[in-house]
Amino acid sequence: MSEFLNALENSDQYPGVFYIQRQNSNLTEDFAELVPDVGSDVPWATEAFGHEPEAANIWIGDKRAVTSSKLLSSFVLGSIKLMVAGVHRFQSA
């Protein structure tokens, strides 16, 4: 993980685009040590949807990593996206 974070912070020294992304609750399964800091639930969303989230996913990358519009269009109703840091620009095709 430290090498991955180093590659993000020093992208000019590493060829390629690096990011971490996986579905099926990778936050709670692969990065459980982050849950106390970021949580796996958004209380207002749980209240609005009437249940706790089925999954909590995390995506880590830098400005060079782009989410495909195909993936973005596959988000189902009842999904929310929270940013911990940075900026995400949504663009329509």
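User: Is alanine 56 buried or exposed in this structure?

Analyst: In this predicted model, alanine 56 is buried, because its relative accessible area is 11% and a residue counts as buried under 20%. The residue sits in the loop between helix H4 (43-49) and E2. Leaving out residues up to four places away in sequence, alanine 56 touches Ser25, Asn26, Leu27, Thr28 and Ser40. The C-alpha atoms of alanine 56 and glycine 39 are separated by 9.0 Å, and these two residues are 17 apart along the chain.

User: Which residues make up the largest nonpolar core?

Analyst: The general idea is that, in soluble globular proteins, nonpolar side chains tend to be buried together. Here the largest nonpolar core has seven residues in all, namely Phe4, Leu8, Leu27, Phe31, Ala56, Ile58 and Ile60. To follow one member, phenylalanine 4 is in contact with Phe18, Tyr19, Ile20 and Ile60, once its neighbours within four places in sequence are left aside.

User: How many aromatic pairs does the structure hold, and how do I read their geometry?

Analyst: The structure holds two aromatic pairs, and the angle between the ring planes tells them apart, since planes under 30 degrees apart count as stacked and those over 60 as edge-to-face. Tyrosine 14 and phenylalanine 18 form an edge-to-face pair, with 6.4 Å centre to centre and 90° between the planes. Tyrosine 14 counts as partly exposed at 22% relative accessibility, and phenylalanine 18 also counts as partly exposed, at 29%. The stacked pair is formed by tyrosine 19 and tryptophan 59, with 6.1 Å centre to centre and 20° between the planes. This pair links distant parts of the chain, as tyrosine 19 is in strand E1 and tryptophan 59 is in strand E2, 40 residues apart. Tyrosine 19 is partly exposed, with a relative accessible area of 45%, and tryptophan 59 is partly exposed at 37%.

User: Which residues other than glycine have a positive phi, and where are they found?

Analyst: One of them is asparagine 24, which is not a glycine and yet has a positive phi of about 65°. Serine 25 likewise has a positive value, with phi near 65°. Asparagine 24 is in the loop between E1 and helix H2 (26-30), and serine 25 is found in the loop between E1 and H2 as well. Asparagine 24 counts as exposed at 59% relative accessibility, whereas serine 25 is buried, with a relative accessible area of 9%.

User: Where does proline 43 lie, and is it buried or exposed?

Analyst: Proline 43 lies in helix H4, and with a relative accessible area of 60% it is exposed, because exposed means over 50%. The C-alpha atoms of proline 43 and proline 53, ten residues apart along the chain, are separated by 9.9 Å.

User: Where in the protein is confidence lowest, and where is it highest?

Analyst: The general idea is that pLDDT gives the predictor's confidence in each residue, from 0 to 100. The protein averages a pLDDT of 81, and 83% of the residues score at least 70. Confidence is lowest in helix H5 (residues 69-73), with a mean of 50, and highest in H1, at 92.

Key
Residues are numbered from 1 along each chain as its sequence is written. This is a predicted model: local features need pLDDT of at least 70, side-chain atom pairs count only at pLDDT 80 or more; totals for chains, interfaces and linings use all residues. Side-chain values use heavy atoms; hydrogens and water are left out. Helices (H or I, at least four residues) and strands (E, at least two) are DSSP runs, numbered from the N terminus. Rings of Phe, Tyr and Trp (its six-membered ring) pair if their centres lie within 6.5 Å; planes under 30 degrees apart count as stacked, over 60 as edge-to-face and the rest as tilted. Buried means under 20% relative accessible area, exposed over 50%, partly exposed in between (1.4 Å probe, protein chains only). A nonpolar core is a set of buried Ala, Val, Leu, Ile, Met, Phe, Trp, Tyr and Cys residues joined through side-chain atoms within 4.5 Å. Contact means heavy atoms within 4.5 Å.
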